[in-house]
Amino acid sequence: MRELIRKLVESYGPSGTEEQIRDVIRAEVEPLVDDLRVDAMGSLIAHVEGNGSGTDEGHRLLLDAHLDEIGVMVTYIDEDGFARFTSIGGVSPLTCIGSRVAFEDGRVGVIHVDQKREDASKVPKLDQLYIDVGATSRDDCPVKIGEPAVFTRPFVAQGSRLISKAMDDRIGCAVLIELLRRLDGTPHDLYVVFAVQEEVGLRGARTSAFGIEPDMAIAVDVTGTGDTPEAKPMAVKLGAGPAVKVKDSGMIAHPKVRQLLLDRAEEADIPYQLEVLERGTTDAAAVQLVRAGVPAGCLSIPCRYVHSPSEMVDEADVENGVRLLLEVLQKPL
Amino acid sequence: MILKELSEAHGVSGNEGDVRSIVLDAVRDHVDGVRIDALGNLLTVKHGTDQDPMRVMLAAHMDEIGLMVVDHDDKGLLKVRAVGGIDARLLPGVRLAVGPDRIPGVIGIKPIHLVESDEMGKVTKVEKLMVDIGAKGKEEAQELAPLGTYATFATPYRELGPTVTGKAFDDRAGCAVLVELLRGDRFSFDLHGVFTVQEEVGLRGARVAAFAVDPDCAFALEGTIADDIPKEKDESPTTELGKGPAITVMDRSFIADRRLVRLLTGTAEELDIPYQIKQPGLGGTDAGVIHLAREGVPSATVAVPSRYIHSPAALLSLEDFDHTVRLMRESLSRLTRETLK
């Protein structure tokens, strides 16, 4: 799975400009499913027909991972050819300074900060940062207003830890692709959604779910951890198993979906943790409010340094996430 | 020029009837269907020439920001609250038209002679302002401007040469563009021209209208921020007057569909129509809710740059306005199902 993860995290796909990553995922998924389509917003929807469709045992299930990543967008080119920018999704100025960003065509820029600031000891605001693409003037600046870019860092595997940008949520995409690879029939009518524009407001999942009208939905996304120095209290740590969400700031997981995940984990002896996330949410929050409502839950891959260019997950949590979802899909609900 | 009539009409969010009547009169003979929905949106349809036409929604909001009367004091002064994004810095001393009879009013202000030095330059909150309509006591005030009465800026529309000034160009400029498009020739697709309500208080009308129209793609037509005034630092003007229609790539409410943005910029370049990309990340439009309707709607926003929006007097260039109409007309005539493939 490492090669798959590397390919996914190193692909380009800020919210709203997801064509490249979507093509990468499409190529992986196409041979594994019965049907594949791209919906109006750009989400990729893979369909696996249930072998027990039409019986009492089969349900229409939606599994979701978002394929977009956070990034930046050029807002202005100054006289000397430096680009001011805004964020696409939640970008912290702290992780920007010294970072490199890549535009859709691969061109790279360096982010730095205005030297003249009133209080240089304070965290700068985004509008005090700029991207230097090596231009000397507005006229020779190769990037234009409105061009999006993503943070760049190479993928690294060190022991069981995997480090990269965009683990949020390419690791969820990897889990779902690996799940489709291993899945050998399911009683359920399965829709796997690789959703666009999660980072800017859970937008793609909402519209995809409207079209699918599922009986139940599970999002696969990353969650924060409490296992780093002086961390805020949170009972999730790397390597202790995938986390079954209880609640976050956008949703309360449906108790039956939560219990289903716990039961399958216990039955198959798969390690897991329970998750309460105080800040942040996932596509499941949008999906559960679609149409007349959808019982929804979330399986989270614990991840340190979420929304930084160096997000870290544990390979065993990823593997166990795949195993757990496989257990869910192979049995009736 | 319908922009004059639209700009001078009163239509604070929730009270869009006057604007709707003007629009209806202007487009009735040029469309095939007209409907007013439960929230007050005006939905028009102009059928396309294709056998199996696409459904394309164009939206402009009829409402404007303003004030609402919430209380009366013993002297007959009115207390008000903001409806939509009112800038309290601009209000003291401003002339208003209050209620359906457009009773002249003025927002009271302490004479400069009485202002203590530490009060100087401080902004008075909307909640602390008093509107004076000359009423003699509470009862008369209550009679003239009962609780819930709307007030808007009493600003006439004026031509200043190539530019014009008036109130509510956000979004009467968009309404005027849409009127022009509906009055023109048919397109290949069914054009659903929707004049929405309550955008300024949370994109409310467009949400239900988009659900009803269920379009294949959509455009929001707007009057947007031009901040091209002298600045101390080398920073973005957001958009500039005279540089053509402003195309949104991303704002707080949505990310524009790239295929539609390419259609717009490609058409502009092909025909040498000036255009600009609006500074990304600012503001929000009806496209923010339209693109999330049902299974999702590829959407874009095109706007006429306007200085001093959300103030008593905005200013725009008629050349930009004309270029916006032309860019939309030419882009739409090139829009096919292939565009969205």
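The questions and answers below look at one helix and some strands of a predicted model.

Residues count from 1 along each chain as written, and chains are lettered from A in the order written. Local features need pLDDT of at least 70, and side-chain values use heavy atoms, without hydrogens and water.

Colleague: What is the order of the open three-stranded sheet in chain A?

Modeller: Strands are DSSP runs (E, at least two residues), and helices are runs of H or I with at least four. Two strands pair if DSSP finds at least two bridges between them. Pairing in this sheet is antiparallel, and the order is β10-β11-β17.

Colleague: Which strands of chain A stand at the edges of that sheet?

Modeller: Each edge strand has a single partner, so one side of each is left without a neighbour in the sheet. They are β10 (156–158) and β17 (311–314).

Colleague: Which residue in β17(A) is the bridge partner of S164(A)?

Modeller: Strand β11 (residues 161–164) of chain A pairs with β17(A) in the antiparallel sense. Four bridges join these strands. In β17(A), the partner of S164(A) is E311(A).

Colleague: What distance does helix α8 of chain A reach from its first C-alpha to its last?

Modeller: This helix covers residues 315–330, 16 residues. The expected span is 1.5 Å times one less than the number of residues. That gives an expected 22 Å, and the helix comes close to this with 23 Å.

Colleague: Which residue in β17(B) does V164(B) stand opposite?

Modeller: Strand β11 (residues 163–166) of chain B runs antiparallel to β17(B). Four bridges join them. Opposite V164(B) stands L316(B).

Note on methods
Predicted model: local features only at pLDDT ≥ 70, side-chain atom pairs only at ≥ 80, totals over all residues.
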